[in-house]
Amino acid sequence: MAPRPRRPFRPQPRTLLPLSSAAHTAGTEPAPPPPPFEALGLSEDLLGAVRDMGFERSTPIQARAIPIALQGRDVVGQAQTGSGKTAAFGLPILERLDPAGPAVQALILCPTRELAVQVSEELTRLAAHRQAGVLAIFGGDPMSRQLTGLRQHPPIIVATPGRLLDHVQRGSLTLSAVRFAVLDEADRMLDMGFAPDVERILRQTPSARQTMLFSATMPEWVRRLASRYMRDPVTVSISGGTELVPQVRQWYIEASWADKVDALTKILDSPEVRIGLIFTETKRNADLLHVALLARGVDVTVLHGDLSQKERDEALTRFRESRVRFLIATNVAARGLDIEDITHVINYDVPSTPEEYVHRVGRTARAGREGMALTLITPIEILKVRDIEKHTRTAIERHTMDELDQLLQSAVPA
Ligand code: ADP
Ligand code: MG
């Protein structure tokens, strides 16, 4: 996968204040702002990198997890989407690893190729003042590039499980020096699809390692399972009341099955819906919808797991750079992706679990921005909406297609 273009340097400092107040949903007193990075026990070179990235203050998960991780403790970290979890585990790892030490001291496992690339890029930026190489290992990418990368003995590997195991089996990579292991999107990494591979990988690492789990959704079963992989972990949980950030507005709209494409087209025709990520449940639905929208002249592309890596890269890069307004995607894009300009997340199909809803919707309203989530439902799906509302402890407003034009205009995300 080609490296994605670096974002332009942002002259304005980046502060995530709305998220810090969200951490104190229960109390009435205003939340104290999270401390500056200088107060967290990090070295000057890492502080320099954080400044270069334009981060003004730590976020609540960073403020709480970094000092604990620096002590070498295992951490279970839960905080809302877009609240800086990558740096929350990345900075303490960079602080503690030995840049001149053996290869693969830190292993970060991610559920998708795109996320592995993104996380490796964020860690590379955080490591800018420190000679610590970061390599992304994921399926669909030429083995030759990865083998060349491995010959540089990178201390940090960010990987999807399948390809990592390929390397372990062919002997191109060993995990015997791993001191830090992270499961990003931990609940996904420990669900049935990934758990066997993750377990095989962790078994190859020394048991004395430091293990960290991070996600916006940390169901009880994950915390229980986590004890199999962790030693006396400290749980840091930020969102308290809800896993959804408060700056996201949520609506649902009823449409019959036959009217869904028309309803969606009408939504996308609205100039207020500037950059939209549209989710379907299946790859086939994604393809069908893609064809239907193209036929209607919509500026849209598609991303799912049956496409070639080149097609996946191309779709995501075009969307990241706002060269295409809309991206249709399966859950492959639901977790972790950090795309700045998404104004709307649209669930063309209702997600099958409340957790997936949280992650999908978390692609907008990141890092303190505003965003909107629109979910199209057929009438019988109202029960799924109620389930999501209960889980997220938020209300999703009901609207009809007739109201939509007017409403979209009155709710333009900033
Ligand atoms: P999460 O994993 O919690 O969803 P990310 O780690 O992807 O969130 O971070 C979301 C965005 O916020 C990224 O663009 C990241 O560079 C940025 N970010 C992280 N920490 C800070 C901070 N302290 N201040 C401002 N922006 C930050
Ligand atoms: Mg993340």
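How far does a polar side-chain atom of Glu122 lie from an oxygen atom of ligand 1, and what else surrounds that ligand? The distance is 3.1 Å. The protein buries 96% of the 570 Å² that ligand 1 exposes when taken alone. The model is a predicted one, and every value here is computed from it.

Stay with the ligand. Its shell holds 20 residues, and Arg57, Gly82, Lys85, Thr86 and Asp338 come nearest. By class, the shell divides into 4 nonpolar, 9 polar and 7 charged residues. Domain 1 (59-240) and domain 2 (248-411) each supply at least three residues.

Two further polar approaches can be picked out. A backbone N or O atom of Ser83 sits 3.0 Å from an oxygen atom of ligand 1. From Asp338, a side-chain N or O atom is 2.4 Å from an oxygen atom of the ligand.

Asp338 leads on to Arg366. The two side chains make a polar contact at 2.6 Å. Arg366 is placed in the loop between helix H14 (354-361) and strand S13 (371-377). Is Arg366 buried or exposed? Its relative accessibility is 10%, so Arg366 counts as buried, the cut-off being under 20%. Leaving out residues up to four places away in sequence, Arg366 touches Thr81, Gly82, Gly336, Leu337, Asp338 and Ile339. Gly82 and Asp338 are also among the residues that come nearest to ligand 1.

Now move to helix H2, residues 44-52. Its buried residues are Leu46, Leu47, Gly48, Ala49 and Val50. What do they pack against? They pack against helix H4 (85-96) and helix H5 (113-126). After H2 comes Gly54, with a positive phi near 85 degrees.

Most residues other than glycine have a negative phi. Glu185 lies in the loop between strand S5 (180-184) and helix H8 (186-189). At 6% relative accessibility, Glu185 counts as buried. Ser322 is another case, with a positive phi near 55 degrees. The loop that holds Ser322 runs between helix H13 (309-320) and strand S11 (326-329). Which class does Ser322 fall into, by accessibility? Its value is 34%, so Ser322 counts as partly exposed.

Ala128 is in the loop between H5 and strand S3 (134-137). At 52% relative accessibility, Ala128 counts as exposed, because the cut-off for that class is over 50%. Along the sequence, Ala128 and Asp45 are 83 residues apart. In space, their C-alpha atoms are 8.4 Å apart. Ala195 belongs to helix H9, residues 195-203. With 15% relative accessibility, Ala195 counts as buried. Beyond its neighbours within four places in sequence, Ala195 is in contact with Met189 and Leu190. Between the C-alpha atoms of Ala195 and Pro161, which are 34 residues apart along the chain, the separation is 9.5 Å.

Terms used: Residues numbered from 1 in each chain as written. Chains lettered and ligands numbered in written order. Predicted model: local features only at pLDDT ≥ 70, side-chain atom pairs only at ≥ 80, totals over all residues. Heavy atoms only, no water. Near = heavy atom within 4 Å. Polar contact = N/O pair within 3.5 Å; in protein donor to acceptor, adjacent residues only side chain to side chain. Areas by Shrake-Rupley, 256 points an atom, 1.4 Å probe, with all protein chains shown as cover. Nonpolar A, V, L, I, M, F, W, Y, C, P; charged D, E, K, R; others polar. Domains from an automatic or database assignment. Buried < 20%, exposed > 50% of the residue type's maximum accessible area, 1.4 Å probe, protein only. Helix = DSSP H or I, 4+ residues; strand = E, 2+ residues; numbered from the N terminus. Contact = heavy atoms within 4.5 Å.
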